[in-house]
Amino acid sequence: MSPHKYFISTAIWIAVLFLFLRCTNNPEVVRQINRIDSLPVEQRENIHLVYTDSGLKKFEMKAPVVAYFDDQQNPKLEFKEGIQVWFFDPEGRVESELSAGYAIRYPTLAKWEAMKNVIFVNRKMEKLETDHLIWEESSEKIYSEKKVTVTTPNEIIVGEGFEADQYFNTYKIKRVTGEILLEDET
């Protein structure tokens, strides 16, 4: 073999070896692509759930579709087509109603997140509207840090942030940015 051909052959092998050594996959990217827990392990349609505690009906929920994701650190239920929830008082009467276009429940945290056109109405016909609401089951509290609008029979209040009990009987609007008094039409 001539020295020139030997040099070219050696250069090609070095280039090929260099390319193979340089072509590596980022392990984190590969893990993200191959994550099995990014797919639901179960999906159900037309869900109707009634939750009771000590024989008392606490809440009732309906959803067109729910998907369960079994992530070991943070399993979740995803309600991608929305939910409707009714909260009941100790006498079994509807105390408040919540609807949202999308929701997630984190069972290990006993926490819900409602998003997309969230509407929460209480027995006094006071209505909360927001794009994001969190419900903590264990403390029976709901809250949001997003823009909220609360409409009562007498006024409309707009603010940034909100806290209430899960029945929406007592509430506090944070950082009020506007208030409109409604006139009585009688």
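Mentor: Start with strands. Helices (H or I, at least four residues) and strands (E, at least two) are DSSP runs, numbered from the N terminus. Two strands pair if DSSP finds at least two bridges between them. This is a predicted model, where local features need pLDDT of at least 70, side-chain atom pairs count only at pLDDT 80 or more, and totals for chains, interfaces and linings use all residues. Residues are numbered from 1 along each chain as its sequence is written, and side-chain values use heavy atoms, with hydrogens and water left out.

Trainee: Which elements does the chain have, and in what order?

Mentor: There are two helices and twelve strands. From the N terminus, the order reads α-α-β-β-β-β-β-β-β-β-β-β-β-β.

Trainee: Let's take strand 8. Which way do strand 8 and strand 9 run, parallel or antiparallel?

Mentor: Antiparallel. Seven bridges join strand 8 to strand 9, residues 141–151. Ile-134 stands opposite Tyr-143 in strand 9. The two strands form a hairpin, with four residues between them. In that turn, Glu-140 has a positive phi of about 55 degrees.

Trainee: How many bridges join strand 7 to strand 8?

Mentor: Nine. Strand 7 covers residues 111–122, and this pair is antiparallel too. Find Ile-134 again: Ile-134 in strand 8 is the bridge partner of Glu-113. Strand 7 and strand 8 also make a hairpin, with four residues between the strands. Here Met-125 takes a positive phi near 65 degrees.

Trainee: Is strand 8 mostly covered or mostly open?

Mentor: First, the cut-offs. Buried means under 20% relative accessible area, exposed over 50%, partly exposed in between (1.4 Å probe, protein chains only). Strand 8, residues 127–136, is mostly covered, as seven of its ten residues are buried. For the chain of 186 residues, 34% count as buried.

Trainee: How do side chains point in a strand?

Mentor: In a regular strand they alternate between the two faces of the sheet.

Trainee: Why does Thr-130 count as buried?

Mentor: Thr-130 counts as buried because its relative accessibility is 5%. Thr-130 lies in strand 8.

Trainee: Which residues does Thr-130 touch?

Mentor: Contact means heavy atoms within 4.5 Å. Leaving out residues up to four places away in sequence, Thr-130 touches Asn-117, Val-118, Ser-144, Lys-146, Lys-147 and Val-148.

Trainee: Where does a polar atom of the Thr-130 side chain lie 2.8 Å from a backbone oxygen?

Mentor: At Lys-147. The backbone oxygen of Lys-147 lies 2.8 Å from that side-chain atom.

Trainee: What share of contacts joins residues at least 24 apart?

Mentor: Count contacts in the chain between residues at least 6 apart in sequence. Of these, 36% join residues at least 24 apart.

Notes
A polar contact is a pair of N or O atoms within 3.5 Å; within protein, one must be able to donate a hydrogen and the other to accept it, and residues adjacent in sequence count only if both atoms are side-chain atoms.
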